[in-house]
Amino acid sequence: MTAASRSPSGASTSEASQRSRLVLGNWKMHGNLAENAALLEALRTGAAQPLTAEIGVCVPFPYLAQAQSALQGSPISWGAQDLSTQEKGAYTGEVAGAMLADFGCRWVLVGHSERRSLHGETDALVADKAKAALAAGLTPVVCVGETLDEREAGSTLAVIERQLGPVLALGAPAVGRMVLAYEPVWAIGTGRTATPEQAQEVHAAIRQALRQLGAEQVQVLYGGSVKAASAASLFAMPDIDGGLVGGASLVAEEFLRIAAA
Ligand code: PEP
């Protein structure tokens with residue numbers, strides 16, 4: 001143990017205090033030009049007040065230009081929800097990292113549970129996507145999380161370790177430029193949030209793996225039905241550095257209240 005005190009999880013208070021707060025919205029496949037305009041304007045106005053956390057929104061591909069023009073010059077950053085592993089070529093329907101960078105994206109989600117379950121994305125593919133994002137100058141937000149069956153079988157930490165394996169194998173210089181997000185599948189879009197203690201247990205294990213790699217400063221977000229009412233107690237946990245917010249990010253006031261938590 002160093003001079004810095006350690007929480008029961010092993011997180012040192014100095015480590016935690018060096019990591020800034022980040023709250024990202026995942027709009028999923030929601031929105032239209034008119035609704036987005038109102039939401040983006042409300043976020044921009046709300047972000048005119050000093051923010052305690054950095055905030056960003058990950059929007060559907062067709063609305064990247066809209067997000068860029070609405071948010072440029074504001075403290076709010078934007079990004080996408082997926083990208084191709086490929087740089088360019090005959091990949092119909094795919095979107096390359098460089099295309100996202102063209103629209104000023106800072107973030108790209110990779111390995112969201114909906115991509116894993118609905119599109120069969122494997123742990124290795126997710127790592128390849130994270131690598132492609134870095135190559136395009138984007139920050140990948142790598143999502144991991146167990147299903148309810150896996151939690152009930154007591155295999156949560158083993159699942160997280162397996163999912164993160166190929167990502168951590170990219171090495172500390174790469175991982176140090178990522179953000180990780182723990183999103184228990186059973187909490188996404190269900191209204192059922194992990195308790196702060198349940199979330200912290202997994203975040204502490206992720207932090208330990210990052211520490212072993214020499215990348216302990218990586219921000220680790222929690223996601224899964226985060227609301228303004230639950231955000232403060234989750235974000236008070238020593239290894240939780242902010243949130244990845246789905247449904248609640250579609251309501252400007254709620255999202256800003258989460259970011260203020
Ligand atoms: C998500 O989509 O990443 C998410 C956490 O959704 P929700 O907040 O709606 O559970």
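Which of the 14 residues around the ligand come nearest? They are Lys28, Glu183, Gly189, Ser225 and Gly246, where a residue counts as near if one of its heavy atoms lies within 4 Å of the molecule. The model is predicted, so local features need pLDDT of at least 70 and side-chain atom pairs count only at pLDDT 80 or more, whereas totals for chains, interfaces and linings use all residues. Residues are numbered from 1 along each chain as its sequence is written, and side-chain values use heavy atoms, with hydrogens and water left out.

The shell around the ligand divides into 4 nonpolar, 8 polar and 2 charged residues; Asp, Glu, Lys and Arg count as charged, Ala, Val, Leu, Ile, Met, Phe, Trp, Tyr, Cys and Pro as nonpolar, and the others, Gly among them, as polar. An oxygen atom of the ligand is 2.8 Å from a polar backbone atom of Gly246, and a backbone N or O atom of Gly247 lies 2.9 Å from a ligand oxygen atom.

The structure also holds 13 salt bridges, each a side-chain nitrogen of Lys or Arg within 4 Å of a carboxyl oxygen of Asp or Glu. One of them joins the side chains of Lys28 and Glu114 at 2.8 Å, N to O. Lys28 lies in the loop between strand 1 (22-26) and helix 2 (33-46) and Glu114 in helix 5 (residues 113-119), so the pair ties together parts that are 86 residues apart in sequence; helices (H or I, at least four residues) and strands (E, at least two) are DSSP runs, numbered from the N terminus. A network of salt bridges links Arg19, Arg207, Asp239 and Asp241.

Technical notes
Polar contact = N/O pair within 3.5 Å; in protein donor to acceptor, adjacent residues only side chain to side chain.
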